[in-house]
Amino acid sequence: MKGVPAAAYILLGWGLSASADQLVFRDGTSEAGTVIAEHQDVYTFNSPRLGTRPVSKHRVRFVIYDNPDVAAERLGLDG
C-alpha cells in the first residue's frame, strides 16, 4: 500500500491466541496489552508488564488489534 506509514498497517487477529492487542516494535520486539487511545504521535497503551504509558508511534512497526471492529474504526474503513 503506497503512501501508508508502516505504523498504520493493521493485521486483524493474526496468530494471537490470547485476547489482546499487540504492538510490534521496529526493533523486532512486541508487547501484548490494550491500545487505550491513539493520538497524533503516540499510542496510550496498557500492558500487565509495563502498566499504562504513552508509546511513540515512531517506535511501532505495526499494531495487531484483537477486535476487527476496532481495527476497522481506527483505519476509517466502512464495514
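Modeller: A polar contact is a pair of N or O atoms within 3.5 Å. The model discussed here is predicted.

Biologist: Which residue caps the N-terminal end of helix α1?
Modeller: Helix α1 covers residues 68–75. A side-chain oxygen of the capping residue lies 2.7 Å from the backbone nitrogen of Asp-69, and the cut-off for a polar contact is 3.5 Å. The cap is Asn-67.

Biologist: How many bridges join β4 to strand β5?
Modeller: Strand β5 spans residues 51–56 and runs antiparallel to β4. A hairpin through three residues connects the two strands. Within this pairing, Tyr-43 has Val-55 as its bridge partner in β5. The bridges between β4 and β5 number six.

Biologist: Which residues make up the covered face of β4?
Modeller: Strand β4 consists of residues 42–47. Val-42, Thr-44 and Asn-46 belong to its uncovered face. The covered face holds Tyr-43, Phe-45 and Ser-47.

Biologist: Over the ring of Tyr-43, which residue places its charged end?
Modeller: The charged end lies 5.1 Å from the centre of the Tyr-43 ring, and the distance cut-off is 6 Å. The residue is Lys-57.

Key:
Residues are numbered from 1 along each chain as its sequence is written. This is a predicted model: local features need pLDDT of at least 70, side-chain atom pairs count only at pLDDT 80 or more; totals for chains, interfaces and linings use all residues. Side-chain values use heavy atoms; hydrogens and water are left out. A polar contact is a pair of N or O atoms within 3.5 Å; within protein, one must be able to donate a hydrogen and the other to accept it, and residues adjacent in sequence count only if both atoms are side-chain atoms. Helices (H or I, at least four residues) and strands (E, at least two) are DSSP runs, numbered from the N terminus. A charge sits over a ring if NZ of Lys or CZ of Arg is within 6 Å of the ring centre and within 35 degrees of the ring normal. Buried means under 20% relative accessible area, exposed over 50%, partly exposed in between (1.4 Å probe, protein chains only). Two strands pair if DSSP finds at least two bridges between them.
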